[in-house]
Amino acid sequence: EDSENADYSKLTDKAREAVLSRLEEVGIRLREHIDFANELVYTPSDWRQRYGLFRGAAFGLGHQLQQLVLFRPANRDSRVKNLYFVGASTTPGNGVPLVLTSAKMVAARILSENK
């Protein structure tokens, strides 16, 4: 379904019911312990507007050309001294192996810059 035109209220209700029903099937009763009146739901549109993430990609930048490899944000802030970034949305990219590589790169950078 097109993320821009989806009815997220209906999709949220359907997903919530599916999860809670499945949990109840295995003996986990959460429904009565959750305050749905204060539920906060982020849609793909919210993710795009708040964080610039393509089609609600919650695990980092999307896979468009302008967000791949060298085009990803740097792992060190250019304006704030000693502010470094690690994770799926920084160099080199997303996925657990690359996030760990990102952490290793930042650690090496911090050590080399503070000799």
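Where is V26 found? V26 sits in the loop between α1 (8–25) and α2 (44–51).

## Model and conventions

This is a predicted model: local features need pLDDT of at least 70, side-chain atom pairs count only at pLDDT 80 or more, and totals for chains, interfaces and linings use all residues. Residues are numbered from 1 along each chain as its sequence is written, and side-chain values use heavy atoms, with hydrogens and water left out.

## Overall fold

The protein chain has three helices and zero strands. Its order from the N terminus is α-α-α. Helices (H or I, at least four residues) and strands (E, at least two) are DSSP runs, numbered from the N terminus.

Of the 115 residues in the protein chain, 22% are buried. Buried means under 20% relative accessible area, exposed over 50%, partly exposed in between (1.4 Å probe, protein chains only).

## Helix α1

α1 has 18 residues. It reaches 25 Å from first C-alpha to last, close to the 26 Å expected at 1.5 Å a residue. That expected span is 1.5 Å times one less than the number of residues.

Y8, T12 and L20 are buried in α1. Seen down the helix axis, the buried residues of α1 fall within an arc of 90 degrees, so they line one face. The arc is that of the directions from the helix axis to the C-beta atoms. These buried residues pack against α2; contact means heavy atoms within 4.5 Å. The face turned away from the buried side carries exposed K10, K14 and E25.
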